[in-house]
Amino acid sequence: MALLDTSARHQLHALVRGDVTALELTQQHLARIAELDPTIGAFLSTSDEPALAQAEAVDLERAQGAPVGPLAGLPIAIKDNLCDSDQLTTCASRMLEGFSPPYDSTVVARLKAESAVLIGRTNLDEFAMGGSTENSAFQQTRNPRDPERSPGGSSGGSAACVAAGMAPLAIGSDTGGSIRQPAALCGIVGLKPTYGRISRYGLVAFASSLDQVGPMGRTVEDVALLLDAISGHDPLDSTSLPLPPTACHTTVNEPLAGLKIGLVPEHFAKGLDGEIDAAVRAAIDAYRSLGAKVIEVELPHSRFAVATYYVIAPCEASSNLARYDGIHYGYRADEAAVAQELAAERKALLAAGDTRAADGLDSNLVRLYRRSRSEAFGPEVKRRIMIGTYALSAGYYDAYYLKALKVRRLIRQDYDAAFEKVDLIAGPCTPSPAFKLGELASDPLAMYLLDLYTVGANLAGLPAISLPCGETASGLPIGLHLTAPALEEDRLLRAARMYELARGE
Amino acid sequence: MAISRADLEKVALLARLTLTDEELATMTPQVAAILEYVDQLNAVNTDGVEPMAHAVELRNVLREDLRRTSLLRESALASAPKHNHEGYLAPAVLGE
């Protein structure tokens with residue numbers, strides 16, 4: 001097996017032992033990207049020169065016996081919605097095409113401080129809105145397991161690049177399932193940590209109360225390693241929890257005795273693909289044979305989670321995306337053309353004697369905002385801004401936004417009650433395996449319903465993971481979804497690792 | 001709740017968007033379907049339930065009141081579509 005197809009931990013051992021240099025490892029990954037990415041389309045850009053220079057610097061430090069970070073020399077791919085002052089950050093949007101951030105996000109800064117090799121920027125749904133990576137303004141990403149199919153989204157580029165061995169680790173972000181769903185569809189491991197575990201400073205905001213950065217890798221151990229490197233309190237993010245970084249990689253191989261796993265009957269109801277149902281039940285049986293107790297629990301409000309999410313997320317998005325005005329940064333429409341157009345409209349209205357309509361026209365500034373935003377945002381982003389603006393508008397605020405926030409509390413209370421009885425909740429990650437590209441593009445609601453099993457963790461702020469638990473007869477990956485109480489990443493990862501080890505991985 | 005094309009045009013102005021006829025034609029039924037779907041929240045009894053705006057309970061976060069370097073003006077302006085090295089340039093609002 002090529003080194004590139006092994007775990008990050010294995011590659012790190014090879015680096016530490018001196019079996020391979022960071023420069024060689026980076027060159028190998030860049031060669032793999034050059035070979036595969038024209039088909040897969042996982043990367044929006046690669047940073048060949050800086051990555052090679054970084055790798056050489058790590059090799060030199062190691063040769064001199066200098067202390068290096070735990071991830072030193074390991075290539076890591078970054079979802080293109082985390083600011084990096086050395087790389088363009090586009091969020092896969094025309095709005096930010098060519099945007100060069102003036103600072104590093106905390107996650108990127110920590111990885112740089114660890115001497116990780118930031119190998120490239122991965123594709124996503126525009127501003128992380130979507131579940132298929134088809135909403136990128138720049139390119140389509142294909143699922144490495146079947147190029148006719150979607151890698152999922154919105155961290156589809158990150159998932160695809162790890163699955164194809166183009167990087168051993170990747171960073172994603174998860175607002176409603178955007179790390180776990182593509183991990184499940186591509187057959188890798190993806191973790192959404194507890195809200196506040198990882199700084200959101202420099203993560204381009206989509207829905208601030210739900211967004212969380214997280215690690216993606218080939219194994220649970222790899223994900224633990226990356227979590228430890230990027231977690232911990234950050235004074236630059238006021239929602240960051242005042243806690244030290246996790247140390248999950250030191251405990252991840254210790255099995256849990258007396259584990260109680262919760263199973264929600266509704267998660268196995270109509271709409272779940274039969275092969276996924278069987279694979280997830282088999283995974284739960286595997287836990288039983290490891291000595292875990294399986295207990296039925298209820299999450300009575302979980303069936304409202306998608307509806308709650310699709311009020312709260314667009315409301316927050318409409319507010320967060322108001323900053324893209326074409327003035328401060330990002331795309332600006334042709335100012336002269338906008339002014340000319342408005343003048344012509346005014347002239348026509350006045351000629352027709354309609355002074356009222358002429359007075360009601362946009363100002364030059366408002367028309368420039370509108371034109372810039374309309375030209376630069378794609379359809380999914382516009383749709384969500386519209387839903388959010390509508391739901392927040394006078395007269396509808398109580399009926400939609402406030403109502404959703406109350407249901408959100410009930411959803412959280414359901415989890416709290418369930419976790420009094422069990423340590424973890426297990427279930428499917430997605431209702432169906434990877435779908436064909438274009439299959440759901442014209443039906444946003446059907447696409448939204450794919451988040452059925454994942455959004456609850458975002459609404460409640462809980463840590464959750466997806467890990468592979470088999471394949472369909474046609475070879476498409478299936479994800480097992482585990483959710484833990486807040487701050488119990490250690491428990492979550494140890495439990496996930498138990499299953500992984502039982503499968504012989 | 002039924003939503004009309006005229007409603008969407010009004011919301012588009014509030015959202016600082018301009019939608020083409022084609023976009024309005026596609027989006028009106030889509031937004032209507034999504035709003036109809038989220039209307040199921042009305043079935044949930046939320047009497048006496050405190051809204052939960054954030055996943056962690058928000059608290060005021062203070063830092064020491066010390067003078068420190070902020071983003072440099074040239075860095076802030078570097079990404080602006082149009083500037084004069086002192087400020088952002090935008091179309092005139094007064095005296096149009």
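Predicted model: local features only at pLDDT ≥ 70, side-chain atom pairs only at ≥ 80, totals over all residues.
With regard to polar interactions, 16 residue pairs are found in polar contact across the interface of chain B and chain A, with both partners at pLDDT 80 or more. Two salt bridges are found across the interface of chain B and chain A. Glu335(A) forms a salt bridge with Lys82(B), in which the closest N and O atoms are 3.3 Å apart.

Turning to chain A, an unreviewed UniProt entry lists residues 24–493 of this chain as "domain: Amidase". The span of residues 24–493 of chain A is 39% helix and 13% strand, and its end C-alpha atoms lie 31 Å apart.

The UniProt annotation "active site", likewise from an unreviewed entry, covers Lys79(A), Ser154(A) and Ser178(A). Although these positions are spread over 100 residues of sequence, they cluster in space, the largest C-alpha distance among them being 11.1 Å. Lys79(A) is placed in strand β2 of chain A, and it counts as buried because its relative accessible area is 0%, a value under the 20% limit used for that class. Beyond its neighbours within four places in sequence, Lys79(A) is in contact with residues including Ser154(A) and Ser178(A), which belong to the annotated set. Further contacts of Lys79(A) include Arg121(A), Thr122(A), Leu124(A), Ala128(A), Ser155(A), Ser158(A), Ile171(A), Gly172(A) and Ser173(A).

Ser154(A) is located in the loop between β3 (117–122) and α5 (156–163) of chain A, and with a relative accessibility of 0% this residue, too, counts as buried. The peptide bond that joins Gly153(A) and Ser154(A) is cis, with omega at about 5 degrees. Not counting residues up to four places away in sequence, Ser154(A) touches Lys79(A) and Ser178(A), and also, among others, Asn123(A), Leu124(A), Asp125(A), Met129(A), Gly130(A) and Thr133(A).

Ala128(A) lies in the loop between β3 and α5 of chain A, where its phi is near 65 degrees, a positive value in a residue other than glycine. The relative accessible area of Ala128(A) is 5%, so that this residue is classed as buried. A positive phi is also found at Ala92(A), a residue other than glycine, for which the value is near 55 degrees. Ala92(A) is placed in the loop between β2 (75–79) and α4 (106–113) of chain A, and this residue counts as buried at 0% relative accessibility.

Asn320(A) is found in helix α9 (residues 305–320) of chain A, and at 10% relative accessibility it counts as buried. A polar contact of 3.0 Å joins the side chain of Asn320(A) to that of Ser208(A). When residues up to four places away in sequence are not counted, Asn320(A) touches Ala205(A), Phe206(A), Ala207(A) and Ser208(A).

Leu480(A) lies in strand β11 (residues 477–483) of chain A, and counts as buried at 0% relative accessibility. Leaving aside its neighbours within four places in sequence, Leu480(A) is in contact with Val280(A), Ala283(A), Tyr287(A), Gly427(A), Ile465(A), Ser466(A), Leu467(A), Cys469(A) and Tyr499(A). The C-alpha atoms of Leu480(A) and Ala496(A), which are 16 residues apart along the chain, are separated by 9.1 Å.

Definitions and conventions:
Residues numbered from 1 in each chain as written. Chains lettered and ligands numbered in written order. Heavy atoms only, no water. Salt bridge = Lys/Arg side-chain N within 4 Å of Asp/Glu carboxyl O. Polar contact = N/O pair within 3.5 Å; in protein donor to acceptor, adjacent residues only side chain to side chain. UniProt positions renumbered as here; feature names shortened; annotations may be inferred. Helix = DSSP H or I, 4+ residues; strand = E, 2+ residues; numbered from the N terminus. Buried < 20%, exposed > 50% of the residue type's maximum accessible area, 1.4 Å probe, protein only. Contact = heavy atoms within 4.5 Å.
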